[in-house]
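Visitor: I have a structure on the screen and would like to go through parts of it with you. Could we begin once it is displayed?

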Amino acid sequence: MEAGQKIFEDILEAHISSNIESSILPTETTICRRLLDRRAELGDACKDLWVKSEQSQFHLSVFIDGLLGIAAEWNPQKMAEARMQRDRLDQVNDRISEIAFELAELLRERSTLHDHSGFSSDTYYHVVDVINEAAQTNYRFNSFVQEPLAQIRGQFDFKYWPTLPDIAATIAVDAAEARATAHNAMTAAGTASSRPSLTDFFRAWLELIEDNVDGRLLPCGFKLTDASLASLGNCALDLGPDKAVGADYVKRLRQRVRNNEKR
């Protein structure tokens, strides 16, 4: 066995032992075992990885950590779920906007009825009253904010404060203008295409590798062959012969990524 593959497998074994001992990261443990079970497919990839890592166990560990994390959290199934959550977030914001606009109109109508109908209801009219009520169980607010806020309220009459309808309308506008954005570059890359596919995983993985090529985590100029990325991805995701990808697939994907970056 080549030195690079031996160290690669030793790192995986260490991950498994650490995860089991600490009862953490079961998905990453499963991925480690997949890679070990399919070691026969990874000889060339491990050799390439060892050379590109400058025969550094640290760099190799960084790469493996990234692969395990991406395969666990940015696999095709998770990216499909992420798309649904992104779409649902946009739907929720749209609904919040609709309801908040309706609430603003109702609050304005209630104020008009209070002023002109000859009737009133014992409801909030000042934003500070709402804040105080909402923060009843907030110890920090009651201990440090409530009294200074009451003093400020006493210094400025009602015309200096936003009305409840204005607050509701502001929430409505904010929600209407909001659009879901990814927390990190890997999720953005993994959900960039219109429909979920295996490409999501490879996009996110390439983004992570690029982020780590800084001369410290991974060597400057670090770049595995297309065949190595395909082999490692196939094994990490446990893709069978009918779904496995080859070097040509990765090459085309890299080209698309480069073309998008130039736009």
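Predicted model: local features only at pLDDT ≥ 70, side-chain atom pairs only at ≥ 80, totals over all residues.

Visitor: How do the axes of H1 and H2 cross?
Guide: Helix H1 covers residues 3-22 and helix H2 covers residues 26-37; their axes come within 9 Å and cross at roughly 150°. Because angles over 145 degrees count as roughly antiparallel, H1 is roughly antiparallel to H2.

Visitor: Left-handed or right-handed, that crossing of H1 and H2?
Guide: The crossing of H1 past H2 is left-handed.

Visitor: Which residues make the contact?
Guide: From H1, the contact is made by Phe-8, Glu-9, Leu-12, Glu-13, His-15, Ile-16, Asn-19 and Ile-20. H2 contributes Glu-28, Thr-29, Cys-32, Arg-33, Leu-35 and Leu-36.

Visitor: And how many of those are nonpolar, polar or charged?
Guide: The contact of H1 with H2 has 7 nonpolar, 3 polar and 4 charged residues.

Visitor: Changing topic: how much space lies in the second largest pocket?
Guide: The second largest pocket holds about 340 Å³ of space. Its lining consists of 15 residues, and the closest to the centre are Ala-82, Arg-86, Thr-181, Ala-182 and Thr-187.

Visitor: Which elements give two or more residues to that lining?
Guide: Those elements are helix H5 (76-116) and helix H9 (185-190). H5 gives the most, with 7 residues.

Terms used
Residues numbered from 1 in each chain as written. Heavy atoms only, no water. 1 Å grid on protein atoms, 1.4 Å probe; cavity = no way out; pocket = protein on both sides within 12 Å on 5 of 7 lines; lining within 4 Å. Points joined across faces, edges and corners; volume = space filled by probe spheres on them. Helix = DSSP H or I, 4+ residues; strand = E, 2+ residues; numbered from the N terminus. Axes fitted to C-alpha atoms, helices over the stretch in contact; angles between N-to-C directions. Parallel < 35°, antiparallel > 145°, perpendicular 65-115°, else oblique. Left-handed = near helix turned anticlockwise from the far one by under 90°. Contact = heavy atoms within 4.5 Å. Nonpolar A, V, L, I, M, F, W, Y, C, P; charged D, E, K, R; others polar.
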